[in-house]
Amino acid sequence: MTRTLRTLTVPLDGESAPEGLPSYLVRDDVLCWTRREAGLVGFGEAARFTATGPERFLEADIWWRHLVIEADITDHVECPGTGPVAFGSFAFSKASDHESRLIVPEIVVGVRDGRAWLTQITADDGELTEAGAFAALKGWLESDPAPAVVPTDPTTSPNQATLKTGSLSEEDWMDAVTAGVAEIRTGKLEKLVLARDIVATVPEGVNAAEVLRQLAVRYRECWTYGVDGLVGATPEMLIQVEGRTAQARVLAGTLDRRDAVGEAGLPLDYAERVLAGSEKQRHEHEIAIQSLTSQLAPFSEAMNAHDEPFILELPNVWHLASDVKAELTEVEGHVPTCLALINALHPTAAVCGTPTLVAGALIRKLEHLDRGPYAGPVGWLDAAGNGEWGIALRGAVIESPTTVRLYAGCGIVEGSDPEAELAETWAKFRPMLESLGISS
């Protein structure tokens, strides 16, 4: 049984981190959630919860609520992300052997809206002081940090890393796409999301902290995450909760930016014409929006979404994107928690397909892959019920000091072409490959 937690949150001088949170990404075991130099990083482990199976979200929710109700909290900042927080990563599938987890760190550094803070979390009985919290942070930053390695520039020097296919070869995966399209044409489902994996071996060792720094700097519009060996930078927000306001960012529809090379006119004009003008891409996007809004509706008293998707511009791809905002209503006497909402929302059509049960069964049949945490929720929550949970996309699992398993998936609809979908997976692998110093 977890002992009672005690927490102290104090303001942090912004001059201590002039470059924002990426300057704290100095350890391979750091917990990370950052976007545009803001967010949270954590060090150490004060408590942990793990679960598998269909009730993993609700079991984690119960554990967390009991933990924070009993906690002794001193908070001199009082904004979302202060006080006790937990970082989390959940398996995509209820049938996965991968353990979903919540991790409560010992030290948290947060940056939000120009404010910075430091939280110390402990189950010990000693007195918590501001000086002690700063000393603990200094200890984590100075003890066995990750080496400051500059990744190999793939344009100037060949990397010794090697790549191999994972559960399916490229040919077998394209056959799976063909089979998925055939199922869609029978009318059994509208959309199917198929993922594939590749394995990178890096003989000189995987520097997780450097990977996170590279992702945070290059993919500023994404949420860079690091939880227990799961690393990546996701452009898709499953649910963000602040008070009674919930927001989500839905993506479906992708165009590789390399496709615009040599095209006349501005690149964004090309994306508007090819991506927003594609009936196939817009249909895929509409399915994803309908999936999220219908699942969020029972928890909302008001909701709005973009009438038209916008073009999200990332270094590797363009996406069709829509933001959804909802005001939460009370359900059974209380506002639903982050994890209760995730339990209702996951998996969305953006990462599974629709209808969910039919698509899920077909995924298990065609992928020959346990996705583990890929495409599952990843993020953080605090004692007040605030939190940010993205979908673990554009990421990888560090399986050993020299081995990384990368994942990418594509939305399959009736008009999908297997070769085009395979090419899209390589575009989606690119953020992780670049951060590892591997050319693609």
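Ring pairs tie Phe49, Trp63 and Trp64 together into a cluster. Rings of Phe, Tyr and Trp (its six-membered ring) are taken to pair if their centres lie within 6.5 Å, with planes under 30 degrees apart called stacked, over 60 edge-to-face and the rest tilted. The model is a predicted one, in which local features need pLDDT of at least 70 and side-chain atom pairs count only at pLDDT 80 or more, while totals for chains, interfaces and linings use all residues. Residues are numbered from 1 along each chain as its sequence is written, and side-chain values use heavy atoms, with hydrogens and water left out.

The structure holds 7 aromatic pairs. In one of these, Trp63 and Trp64 have ring centres 6.5 Å apart and planes at 35°, so the pair is tilted. Trp63 counts as buried at 16% relative accessibility, and Trp64 is buried too, with a relative accessible area of 2%. Here buried means under 20% relative accessible area, exposed over 50%, and partly exposed in between (1.4 Å probe, protein chains only). Tyr270 and Trp318 make another tilted pair, at 6.3 Å centre to centre and 55° between the planes. Tyr270 sits in helix H5 (residues 267-276) and Trp318 in strand S18 (residues 317-328), so this pair ties together parts that are 48 residues apart in sequence. As for helices and strands, they are DSSP runs numbered from the N terminus (helices are H or I, at least four residues; strands are E, at least two).

Within H5, the buried residues are Tyr270, Ala271, Leu275 and Ala276. Their cover includes S15, helix H6 (279-296), strand S17 (310-313) and S18.

Leaving aside residues up to four places away in sequence, Lys325 touches Thr245, Ala246, Gln247, Ala302, Met303 and Asn304, where contact means heavy atoms within 4.5 Å. Strand S14 (residues 237-242) runs antiparallel to strand S15 (residues 245-256), and 4 bridges join them. Glu242 stands opposite Thr245 in S15. The two strands, S14 and S15, form a hairpin with 2 residues between them, and Gly243 in the turn has a positive phi of about 65°. S14 is also joined by 4 bridges to strand S21 (residues 387-391), again in the antiparallel sense, with Ile239 opposite Trp389 in S21.

In strand S8 (residues 107-112), 5 of the 6 residues are buried, so the strand is largely enclosed by the rest of the structure. S8 pairs with strand S3 (residues 38-43) in the antiparallel sense over 5 bridges, and Gly39 stands opposite Val111 in S8. Another 6 bridges join S8 to strand S9 (residues 115-122), and these two run antiparallel. Val108 has Thr119 as its bridge partner in S9. The hairpin of S8 and S9 has 2 residues between the strands, and Asp113 takes a positive phi near 50° there.

Now for the helix packing. The axes of helix H1 (residues 56-69) and helix H7 (residues 338-345) come within 9 Å and cross at roughly 175°. Axes are lines fitted to C-alpha atoms, for helices over the stretch in contact, and angles run from 0 to 180 degrees between N-to-C directions. H1 and H7 are therefore roughly antiparallel to each other; angles over 145 degrees count as roughly antiparallel, under 35 as roughly parallel, 65 to 115 as roughly perpendicular and the rest as oblique. Phe57, Leu58, Ala60 and Asp61 in H1 meet Leu339, Ala340, Ile342 and Asn343 in H7. The residues of this contact divide into 6 nonpolar, 1 polar and 1 charged, with Ala, Val, Leu, Ile, Met, Phe, Trp, Tyr, Cys and Pro counted as nonpolar, Asp, Glu, Lys and Arg as charged, and the others, Gly among them, as polar.

A cis peptide bond joins His346 and Pro347, with omega about -5°, and Pro347 is found in the loop between H7 and strand S19 (353-354). The peptide bond from Thr354 to Pro355 is cis as well, with omega near -5°; Pro355 is in the loop between S19 and helix H8 (356-367). Arg36 has a positive phi near 55° despite being a residue other than glycine. Arg36 lies in the loop between strand S2 (31-35) and S3 and is partly exposed at 41% relative accessibility. Glu332, also a residue other than glycine, has a positive phi near 55°. Glu332 lies in the loop between S18 and H7 and is exposed, with a relative accessible area of 78%.

Note on methods. Pairing = 2+ DSSP bridges.
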